[in-house]
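This briefing walks through a predicted model. The sequence and the structure come first, and the points on them follow by topic.

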Amino acid sequence: MFYAISCTDHPNSLEARKAARPAHLARLQQMLDDGRLLLAGPFPAIDAEDPGPAGFTGSLIVAEFASLEEADPYMAAGVYADVKVRPFRKTLPSA
């Protein structure tokens with residue numbers, strides 16, 4: 001089943017986000033390679049593709065996991081202040 005993982009960043013966490021990015025992208029790439037990643041990306045703090053020093057306010061990941069417990073992400077980098085994990089049913093586009 002797919003799960004939507006919606007994360008809200010701690011204030012002023014841009015440097016921690018940058019430091020954690022390579023490992024984070026490697027994890028997402030592995031899920032993509034395994035055919036489990038539907039989409040992933042950050043929420044810019046301003047209406048811009050590259051928000052620069054304004055940074056980001058959080059992230060959204062929608063991926064397939066065996067269970068809700070497996071989908072609960074780990075937050076070792078200290079970027080996220082809040083994480084919500086919910087089951088997600090993909091309707092469109094159809095496969």
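Phenylalanine 88 lies in strand β4, which covers residues 80-88. In this predicted model, β4 belongs to an open sheet of four strands, arranged in the order β2-β3-β1-β4 with antiparallel pairing.

**The sheet and its helix**

- The edges of the sheet are formed by β2 (37-44) and β4, each of which pairs on one side only, and from one strand to the next the twist averages 10 degrees.
- Within the sheet, β1 and strand β3 (residues 56-64) are joined by seven bridges in the antiparallel sense, and leucine 60 in β3 is the residue that stands opposite serine 6.
- Helix α1 (residues 14-33) packs on this sheet and touches β1, β2, β3 and β4, while its direction makes about 15 degrees with that of β3.

**Phenylalanine 88 at the surface**

- Phenylalanine 88 has a relative accessibility of 32% and therefore counts as partly exposed, since that class lies between the limits of 20% and 50%.
- Together with Leu38 and Leu39, Phe88 forms a nonpolar patch on the surface, and the accessible area of these residues together is about 220 Å².

**Methionine 1**

- Methionine 1 lies in the segment that precedes β1 (2-9), and because its relative accessible area of 51% is over 50%, it is classed as exposed.
- Leaving aside residues up to four places away in sequence, methionine 1 touches Ala63, Glu64, Phe65, Pro87 and Phe88.
- Although methionine 1 and alanine 71 are 70 residues apart along the chain, their C-alpha atoms are separated by 9.9 Å.

Conventions:
Residues are numbered from 1 along each chain as its sequence is written. This is a predicted model: local features need pLDDT of at least 70, side-chain atom pairs count only at pLDDT 80 or more; totals for chains, interfaces and linings use all residues. Side-chain values use heavy atoms; hydrogens and water are left out. Helices (H or I, at least four residues) and strands (E, at least two) are DSSP runs, numbered from the N terminus. Buried means under 20% relative accessible area, exposed over 50%, partly exposed in between (1.4 Å probe, protein chains only). Contact means heavy atoms within 4.5 Å. Patches are made of residues with over 30% relative accessible area and no salt bridge: like charges are joined within 9 Å, nonpolar side chains (Val, Leu, Ile, Met, Phe, Trp, Tyr) within 5 Å. Accessible areas come from the Shrake-Rupley method with a 1.4 Å probe; for residues, only the protein chains shown count as cover. A salt bridge is a side-chain nitrogen of Lys or Arg within 4 Å of a carboxyl oxygen of Asp or Glu. Two strands pair if DSSP finds at least two bridges between them. Axes are lines fitted to C-alpha atoms, for helices over the stretch in contact, and angles run from 0 to 180 degrees between N-to-C directions.
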